[in-house]
Amino acid sequence: HGRRNKNAACTDGGQNMITIRELLPEETAQLAQLEAQNHPSPWSEAHFKAACTSPNDTIWLLQVHQEWAAWMVWQHVCGEIELHLVTTAAEHRRQGLAGRLLQALEKTACTLNAQRILLEVRASNTAAQQLYRKHGFVQIATRKNYYGGTEDAWIMEKLC
């Protein structure tokens, strides 16, 4: 549908064959099923379809030996990248896959001349906060009661 190539295709030369590619529109239902099994506040198929067809949004799928292991949704608008979602399938957690997606996003941000990457994370999600800090993100603000009116969101940023 005329989108520029935003794939971050890469492979790991070792035993783990890791590829990152853009999700195809016909794969949104399958991704929504996986998301529902692996995320406490899952995106719906409608959310994935909307992101998949938007000219500003990108959904990346990280595969290990062709198995869907992690995914990321991000948006590029007005010189900024906003990270909307990163999820790793339960059986692939603690293997550095979300970090690989973040590294690919950082490289893409440079290619797109983005000035910064922004994200929101639950105040209680210390594992995600540690991952983001490891990749150079810093907390710049808090949104009170952002999640369901009961939990704060941290806004984190990484300058490019």
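Biologist: Let me start with helix H4: which residues are exposed on its other side?

Modeller: Those are Gln-130 and Lys-134, which are exposed on that side of H4. Please keep in mind that this is a predicted model.

Biologist: What makes you place them on the same side of H4?

Modeller: The arc they cover around the axis is only 100 degrees, which puts them on the same side of H4.

Biologist: What covers the buried residues of H4?

Modeller: The cover includes strand S4, helix H3, strand S5 (116–122) and strand S7 (151–159). After H4 comes Gly-136, with a positive phi near 90 degrees.

Biologist: Where is Phe-137?

Modeller: Phe-137 sits in the loop between H4 and strand S6 (138–147).

Biologist: Why is Phe-137 called buried?

Modeller: Its relative accessible area is 2%, and the cut-off for buried is under 20%. Phe-137 therefore counts as buried. Apart from neighbours within four places in sequence, Phe-137 is in contact with Leu-102, Ile-117, Leu-119, Tyr-132, Met-156, Glu-157 and Lys-158. One of these, Tyr-132, is also among the buried residues of H4.

Biologist: How many residues apart along the chain are Phe-137 and Glu-120?

Modeller: They are 17 residues apart along the chain, and their C-alpha atoms are separated by 11 Å.

Biologist: Now to His-84 in strand S4. What makes it partly exposed?

Modeller: The relative accessibility of His-84 is 34%. Buried needs a value under 20% and exposed one over 50%, so His-84 falls in between and counts as partly exposed. Not counting residues up to four places away in sequence, His-84 touches Trp-43, Val-73, Trp-74 and Gln-75.

Biologist: Let's turn to the pair H1 and H2. Why is H1 called oblique to H2?

Modeller: Their axes come within 8 Å and cross at roughly 130 degrees. That angle makes H1 oblique to H2: roughly perpendicular runs from 65 to 115 degrees, and roughly antiparallel needs over 145. The crossing of H1 past H2 is right-handed.

Biologist: Which residues make the contact?

Modeller: H1 brings Thr-28, Ala-29, Leu-31, Ala-32 and Glu-35, while H2 brings Glu-45, Phe-48, Lys-49 and Cys-52. By kind, the contact of H1 with H2 has 5 nonpolar, 1 polar and 3 charged residues.

Biologist: How do you know that the buried residues of H1 line one face of the helix?

Modeller: The buried residues are Thr-28, Leu-31, Ala-32, Leu-34, Glu-35 and Asn-38. Seen down the axis of H1, they fall within an arc of 165 degrees, so they line one face. Turned away from that buried side are the exposed residues Gln-33, Ala-36 and Gln-37. The buried residues of H1 are covered by elements including H2, S2, S3 and S4.

Biologist: Which residues of H2 (45–53) are buried?

Modeller: Phe-48, Ala-51 and Cys-52 are buried in H2. These residues cover an arc of only 100 degrees around the axis, which puts them on the same side of H2. The face turned away from them carries the exposed Ala-46 and Thr-53. The buried residues of H2 pack against H1 (28–38), S2 (57–64), S3 (67–77) and S4 (80–88).

Biologist: Last topic, backbone angles. What makes the phi of Gln-66 worth a look?

Modeller: Most residues other than glycine have a negative phi. Gln-66 is not a glycine, yet its phi is positive, about 70 degrees. Gln-66 lies in the loop between S2 and S3. Its relative accessibility is 59% and the cut-off for exposed is over 50%, so Gln-66 counts as exposed.

Biologist: And what is the phi of Arg-94?

Modeller: Arg-94 has a positive phi near 65 degrees, again in a residue other than glycine. Arg-94 is in the loop between S4 and H3 (97–111). With a relative accessible area of 84%, Arg-94 is exposed.

Methods
Residues numbered from 1 in each chain as written. Predicted model: local features only at pLDDT ≥ 70, side-chain atom pairs only at ≥ 80, totals over all residues. Heavy atoms only, no water. Buried < 20%, exposed > 50% of the residue type's maximum accessible area, 1.4 Å probe, protein only. Helix = DSSP H or I, 4+ residues; strand = E, 2+ residues; numbered from the N terminus. Arc of directions from axis to C-beta. Contact = heavy atoms within 4.5 Å. Axes fitted to C-alpha atoms, helices over the stretch in contact; angles between N-to-C directions. Parallel < 35°, antiparallel > 145°, perpendicular 65-115°, else oblique. Left-handed = near helix turned anticlockwise from the far one by under 90°. Nonpolar A, V, L, I, M, F, W, Y, C, P; charged D, E, K, R; others polar.
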